[in-house]
Amino acid sequence: MDFKYDEKAEALRKQIREFVKENLPQDKERGMFSEEHDDDEWAFSMNMSKKLSEIGWLTMSWPKAYGGMDASVWERCILGEEAGYWGIPGLGMGVSGTAWVGPSMMLFGTEEQKKKYLPLIASGDPDGVWCTGYSEPDAGSDMASLQTRAERVGDEYIINGQKVWTSAAHRSRWCWMACRTDPDAKRKHDGLSVIIVDMKSEGVTIRPIPNIIGAHYFNEIFFKDVRVPAENLVGKENNGWNQLMQALAFERGIALGASSRGMRLLDELVQYTKETGDFKRSEIRQKLADLAVDIRALRILALEAAWKASKGEMVIYEPSRDKAYNDEVMEKMGIIGTEIIGAYAQVDPMCVSKKWKRILGMIEGNYWGAAGMAIAAGTTDTMRNIIAQFGLGLPRGY
Ligand SMILES: Cc1cc2nc3c(=O)[nH]c(=O)nc-3n(C[C@H](O)[C@H](O)[C@H](O)COP(=O)(O)OP(=O)(O)OC[C@H]3O[C@@H](n4cnc5c(N)ncnc54)[C@H](O)[C@@H]3O)c2cc1C
């Protein structure tokens, strides 16, 4: 395996760093969930999406015809690394137009859908912002049990049901939604479809669910006789399960950005302990060294998955492997960071007051965010089940 970035990729890294210098003050706090919660933060993030779109970086790996730059896997990796390290906001277009809605649509969507929705995402426009509607009150890890019904009536689907934990629904124009289209299918996995829902449709009600620190990040969404044109079906009716598994594999491929985010946190912690003198304590040195090993290992795993993808190989269980590992590393970073900065990590998790903030609010972000990130996109247990089945070839355990 050769992980060396080529000259073109390294030149891109330089350009991104210049962009960061000009556009992203590095004294800005990096608390978690603030974008979706706070109107000003959201506006800042959308403004950044627009700038990234104008350069072409927002969707750089997409084909030019849909607003991309045809960038290589390695160029995309550089952007992921730099975005993670410098905390560049606005790359998602909601949760997440760029990372899985667009790529899945390219695989399964009709030409009309690609022409309509992909350039909207690539433009960084508020009308290109998406949320993802999978989870329901009785369907989380067992997603195939979802009950939200989409009934075909003439040239429309009529949707009734409820979604829950829908991140950024209150900021989104569209929902990438999993529905039950065949309630009589023998296997529950076989009756599902992916349907695009306009969040402005009549019959859609969004209610906030405050998260562990009181931020408005999640929502529940109620659908009452929502009429959706049949052309909003993505791929084949009742083939949703396969499409959803692909979309989730895209969603779980976050480890490279996460490892550089970890690297930044580590750099900041090391600097902090130098300033406070804490670096003299051997238990602190050990813990920081331990973190450094984990973060580098995570990066190598993520690069291996990218390397396989760059050769056109299928990446099947690797995103789950990397996400499971990241879930643990992130928790560890939050705990070690909290041990180092102490109560500062606890008193103001939303980083409202500058008074309590240390290290740009990054420890608070990790401490309070790690538990949720280990559940989002599938729990760590679910990731381990996938590794067991597809990585180790073990039979399903349930
Ligand atoms: C930050 C965050 C953002 C989210 N954003 C979205 C979103 O935008 N859209 C969306 O649709 N959903 C979203 N979710 C919901 C998320 O996908 C679900 O919470 C997740 O899939 C788990 O489902 P559950 O909460 O119903 O827990 P359950 O599935 O009930 O799991 C409970 C516990 O049982 C374990 N468990 C369950 N089944 C098994 C098994 N077969 N083997 C071993 N252990 C098992 C789990 O690991 C977990 O510990 C988000 C969640 C979080 C925390």
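A residue is called buried here if 20 or more other C-beta atoms lie within 10 Å of its own. The model under discussion is predicted.

**Helix H4 and its surroundings**

By that criterion, the buried residues of H4 are Glu-75, Arg-76, Cys-77, Ile-78, Leu-79, Gly-80, Glu-81, Glu-82, Ala-83, Gly-84, Tyr-85 and Trp-86. The helix is thus described as mostly covered, with 12 of its 14 residues buried. H4 runs over residues 73-86 and reaches 20 Å from its first C-alpha to its last, close to the 20 Å expected at 1.5 Å a residue. Among the elements that cover its buried residues are helix H1 (7-23), helix H8 (255-276) and helix H9 (282-310). After H4 comes Gly-87, which has a positive phi near 70 degrees.

Further on, in the loop between H4 and H5, lies Ser-96. The peptide bond that joins Val-95 to Ser-96 is cis, and its omega is near -15 degrees.

**Helix packing**

Two packed helices are described by the angle between their axes and the distance between the axes.

| Helix pair | Angle between axes | Distance between axes |
|---|---|---|
| H4 and H8 | about 35 degrees | 7 Å |
| H8 and H10 | about 15 degrees | 11 Å |

Angles under 35 degrees count as roughly parallel, so H8 is roughly parallel to H10. On the H8 side, this contact is made by Ala-255, Ala-258, Gly-262, Leu-265, Leu-269, Tyr-272 and Thr-273. H10 contributes Asp-322, Lys-323, Asn-326, Val-329, Met-333, Gly-337 and Ile-340. The crossing of H8 and H10 is left-handed, whereas that of H4 and H8 is right-handed. In the pairing of H4 with H8, Cys-77, Gly-80, Glu-81, Ala-83, Gly-84 and Tyr-85 of H4 meet Leu-256, Gly-257, Ala-258, Ser-260, Arg-261, Met-263 and Arg-264 of H8. Ala-258 is listed in the contact of H8 with H4 and in the contact of H8 with H10.

**Helix H6**

H6 covers residues 111-122, and its end C-alpha atoms are 16 Å apart, which agrees with the 16 Å that 12 residues should span at 1.5 Å a residue. Its buried residues are Tyr-117, Leu-118, Leu-120, Ile-121 and Ala-122. They pack against helix H3 (39-55) and helix H5 (97-108). Just after the helix, Gly-124 has a positive phi of about 75 degrees.

**The nonpolar core**

The largest nonpolar core holds 102 residues, and those with the most contacts inside it are Ile-159, Trp-176, Met-177, Ala-178, Ile-195 and Val-197. Helix H10 (residues 318-341) supplies the largest share of this core, 8 residues. Beyond its neighbours within four places in sequence, Met-177 is in contact with Gly-133, Val-194, Ile-195 and Val-197.

**Asn-160 and Lys-224**

Asn-160 belongs to strand S3 (residues 156-163), and Lys-224 to strand S7 (residues 216-229). The two residues are 64 apart in sequence, yet their C-alpha atoms are 4.9 Å apart in space. By contrast, the C-alpha atoms of Asn-160 and Arg-264, 104 residues apart along the chain, are separated by 44 Å.

Asn-160 is partly exposed, because 16 other C-beta atoms lie within 10 Å. Lys-224 also counts as partly exposed, with 13 C-beta neighbours inside 10 Å. Not counting residues up to four places away in sequence, Asn-160 touches Arg-149, Phe-223, Lys-224 and Asp-225.

Most residues other than glycine have a negative phi, and most peptide bonds are trans. Asn-238 has a positive phi, near 70 degrees, and is not a glycine. Its place is in the loop between strand S8 (233-234) and helix H7 (240-252). Asn-238 is partly exposed, with 15 other C-beta atoms within 10 Å.

Leu-360, also not a glycine, has a positive phi of about 55 degrees. Leu-360 sits in the loop between H10 and helix H11 (362-373).

Technical notes
Residues are numbered from 1 along each chain as its sequence is written. This is a predicted model: local features need pLDDT of at least 70, side-chain atom pairs count only at pLDDT 80 or more; totals for chains, interfaces and linings use all residues. A nonpolar core is a set of buried Ala, Val, Leu, Ile, Met, Phe, Trp, Tyr and Cys residues joined through C-beta atoms within 7 Å. Helices (H or I, at least four residues) and strands (E, at least two) are DSSP runs, numbered from the N terminus. Two residues are in contact if their C-beta atoms, placed from the backbone, lie within 7 Å. The expected span of a helix is 1.5 Å times one less than its number of residues. Axes are lines fitted to C-alpha atoms, for helices over the stretch in contact, and angles run from 0 to 180 degrees between N-to-C directions. Angles under 35 degrees count as roughly parallel, over 145 as roughly antiparallel, 65 to 115 as roughly perpendicular and the rest as oblique. A crossing is left-handed if the near helix is turned anticlockwise from the far one by less than a right angle, and right-handed if clockwise.
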